[in-house]
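Visitor: I have a chain here that I'd like to go through with you. Can we start with the overall picture and then go to single residues?

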Amino acid sequence: MTGAEPDRTALVVVDLQNDFCAGPAALARFGEDVAVLERAAAGCVRAVARARERGVEVLFVRFVGDPEHQGPGWRLRDRTLGKRPKCLEGSWGARFHAVVPAPGERVFTKRACFDAFLSDGFEEYLRARGVSHVVLAGLYADVCVDTTARTAFQKGFHVTVLTDCTAALHLPYDAVLGFMRLVYGARTTTADDPRAWTAPVYRAEEETCVRPPD
């Protein structure tokens with residue numbers, strides 16, 4: 001990694017917005033299991049508090065789905081599946097849910113895309129800050145959190161996913177977490193685990209990565 005302060009950790013809160021947590025579309029998707037979303041949101045509140053207490057930088061990533069940002073494939077999918085755009089810019093649905101950025105905390109915007117690394121300036125900011133380890137929370141584990149974790153891993157970042165701070169939308173949650181452990185080498189643990197906030201130590205000269213066991 002490059003940057004002035006190597007081996008830093010950052011908490012990245014992904015898409016913790018009303019349309020995904022508390023809006024009619026989210027409630028319709030989860031039905032009686034809406035408590036899953038409530039637990040994930042409450043976990044994010046705890047994670048942000050833990051990070052701030054530890055001096056770990058907190059970054060917020062938000063989604064806007066206005067039709068003008070959608071590509072042809074996205075629009076075709078929505079028409080085919082009867083999906084309506086979510087998190088329209090300036091709407092209640094686009095507002096942060098349960099926790100909001102504190103003064104000075106950065107917010108990055110995804111425009112009709114899943115991956116935080118497609119937000120303007122996101123990767124550049126991480127590298128300029130010397131971040132080598134991203135801790136992911138937010139929604140959904142099998143969509144935007146997974147996509148961001150995948151890119152982070154491919155770009156050389158260590159990845160931790162906070163299991164009490166997210167939820168799966170389409171796939172079994174345990175399977176999603178297992179996939180990320182297997183393919184991205186992700187650490188999966190809770191916000192209360194002190195190990196979550198420390199980057200694994202990679203020793204290039206030994207070709208080994210020292211990581212506390214999950």
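Visitor: What share of the contacts with a separation of 6 or more comes from residues 24 or more positions apart?
Guide: This is a predicted model. In the protein chain, 76% of those contacts are between residues 24 or more positions apart.

Visitor: How many helices and strands are there in the protein chain?
Guide: Seven helices and eight strands.

Visitor: And what percentage of the residues is buried?
Guide: Of the 214 residues in the protein chain, 50% are buried. The chain exposes about 10,200 Å², and carbon and sulfur atoms supply 55% of that area.

Visitor: Now the helices. At what angle do α6 and α7 pack?
Guide: About 10 degrees, with the axes 11 Å apart. That makes α6 roughly parallel to α7, because angles under 35 degrees count as such. Helix α6 covers residues 144–154, and α7 covers residues 173–184.

Visitor: Which residues meet there?
Guide: From α6, D146, A149, R150 and F153. They meet F179, M180, V183 and Y184 in α7.

Visitor: What is T148 in contact with, leaving aside neighbours within four places in sequence?
Guide: F114, D115, A116, F117 and L136.

Visitor: Changing topic to the backbone. Which peptide bond is cis?
Guide: The bond from L139 to Y140 is cis, with omega near -15 degrees. Y140 lies in the loop between β4, which spans 131–139, and α6.

Visitor: What about D15, what is its phi?
Guide: Phi of D15 is near 55 degrees, a positive value in a residue other than glycine. D15 is in the loop between β1 (8–14) and α1 (18–21). Its relative accessible area is 1%, so D15 counts as buried.

Visitor: And A112, where is that one?
Guide: A112 sits in the loop between β3 (107–111) and α5 (122–128). Phi of A112 is near 50 degrees, again positive in a residue other than glycine.

Visitor: Buried or exposed?
Guide: A112 is buried, at 10% relative accessibility. The cut-off for buried is under 20%, so A112 falls in that class.

Methods
Residues are numbered from 1 along each chain as its sequence is written. This is a predicted model: local features need pLDDT of at least 70, side-chain atom pairs count only at pLDDT 80 or more; totals for chains, interfaces and linings use all residues. Side-chain values use heavy atoms; hydrogens and water are left out. Helices (H or I, at least four residues) and strands (E, at least two) are DSSP runs, numbered from the N terminus. Axes are lines fitted to C-alpha atoms, for helices over the stretch in contact, and angles run from 0 to 180 degrees between N-to-C directions. Angles under 35 degrees count as roughly parallel, over 145 as roughly antiparallel, 65 to 115 as roughly perpendicular and the rest as oblique. Contact means heavy atoms within 4.5 Å. Buried means under 20% relative accessible area, exposed over 50%, partly exposed in between (1.4 Å probe, protein chains only). Accessible areas come from the Shrake-Rupley method with a 1.4 Å probe; for residues, only the protein chains shown count as cover.
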